[in-house]
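Thanks for coming. I will go through one structure today, starting with a charged pair and then moving to the packing.

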Amino acid sequence: MPESLWTDTVPLPEFEPLQGDTKTDVLVIGGGLCGILCAYTLKQAGVDCLLVEGNRIASGITKNTTAKITSQHGLIYDRLIRSFGVEKAAGYLDANEKALERYRSLCQAMDCDFEEKSAFVYALQDRAKIEREIQAVNRLGFPAEFAGNLPLPFATAGAIRFPHQAQFHPLKFIAPLAKDLPIHEHTFVRNVEGNTAITSQGRITAEQIIVATHFPFINRHGSYFLKLYQHRSYVLALEQAAQVDGMYLDEAQGGLSFRNAGNLLLLGGGSHRTGKQGGGWQALEQAAAAAYPHAREAYRWATQDCMSLDQVPYIGPYAPSTPNLYVASGFHKWGMTSSMAAAMLLCDLVQQKKNPWAEVFSPQRSMMHLQLFYNVAEATKNLLTPTVRRCPHMGCALKWNPQEHTWDCPCHGSRFERDGTLIDNPAKKDTKHWKLPKDHTGGTN
């Protein structure tokens, strides 16, 4: 699989696998950015905790981010006010701004390429969308403003500008943060029974458990297999391209994103639901050739994001019936600030402290959104599709991804190498290892 810029430039600390049974007050499952921030925040609060990761820390989605630390998550605030009201929209903004402040404080003592930048969401044609979003954000007390004449390789109708946001190198941030944490790598949690997590090497008993595994892997609680789906997007890191001095995102789902990392331009886009066809690498290659004909590709990588029903993450109790089990998921392409907000919120919840953001991110909020019916329809169609290549998560038909040469699940986003080796959850094991000829290209089912 292609390696990201971040992976290629930073070695991470290594940790021994768990050997035998152990106990802890709080167990964090998942060693991505969210899990590491949870463990760090708990340790800073004096809470006994342990983190386990099935592979290496930051080996999943974290290493493939574009690493924008921003409270601007597309054109979200106008919709949040209309759907949830001013108070909850303000809570969402406050959580992300507090997360940004926390990063700013921690990064002062680190060499992690932290840079304060403005964040922009632009529209190609519909200026009215931008103006409505500016009015909504200003209503919440944040000084967003209109921006024209953007340094992008095409004309736009303008953008909303969020000042004083940031970008950084995520693995340079994680490396010093993780080195003194109680972590066991290569410790895959196969199941959770009550307050006990079961691994191949032993059992971990904890008073409380946080599931920070990107997609929640416990199906019998919370209905996350209905509340979440996954989305893939792609990045090219280009040499000899533009310096854009900011972070830019198209308001349209299929549009392009831009940010610089040193002398590289990170061009993102080509997104689609996992298991479906989309623009992928081809869309980015065409955009790069048209906009930056003299640029040279230095890196390419892809990422995958969990999408909630209403674009707001699920952070809090896993389900009403599991008072000592917590979850953080559905970050909707905004994992940097969402991970930090989750760490601060969950640290309070496991200590039985009130937190003003708990209701905003509650996983128990209403599921009655149009996206739910799309998710159910997609799952039903793929469960009924006749093929031998099936996902071990819930039995959906796998689809061949010709651009990345993987088998992808359109229902919940699990991904597998061409021989069936697991890449991305929520599946917890490899699927059937098919004997394929060397020239096999995958097929369609």
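Is R82 buried or exposed? R82 counts as exposed, because its relative accessibility is 61%; the cut-offs are under 20% relative accessible area for buried, over 50% for exposed, and partly exposed in between, with a 1.4 Å probe and protein chains only.

Some ground rules. This is a predicted model, in which local features need pLDDT of at least 70 and side-chain atom pairs count only at pLDDT 80 or more, while totals for chains, interfaces and linings use all residues. Residues are numbered from 1 along each chain as its sequence is written, and side-chain values use heavy atoms, with hydrogens and water left out.

Back to R82. Its side chain meets that of D78 in a salt bridge, 3.2 Å from N to O; the term means a side-chain nitrogen of Lys or Arg within 4 Å of a carboxyl oxygen of Asp or Glu. D78 counts as buried, because its relative accessibility is 19%. Helices here are DSSP runs of H or I with at least four residues, strands are runs of E with at least two, and both are numbered from the N terminus.

Also buried in α3 are Y77, R79, L80 and I81. Their cover includes α4, α5 (127–139) and β6, where contact means heavy atoms within 4.5 Å. After α3 comes G85, with a positive phi near 95°.

What does K88 pair with? K88 forms a salt bridge with E359, with the closest N and O atoms 3.5 Å apart. E359 is in the loop between α9 and α10 and K88 is in α4, so the pair ties together parts 271 residues apart in sequence.

Last, the core. A nonpolar core is a set of buried Ala, Val, Leu, Ile, Met, Phe, Trp, Tyr and Cys residues joined through side-chain atoms within 4.5 Å. The largest one has 88 residues, and Y77, F173 and I174 have the most contacts inside it. Helix α9 gives the most to this core, eleven residues.
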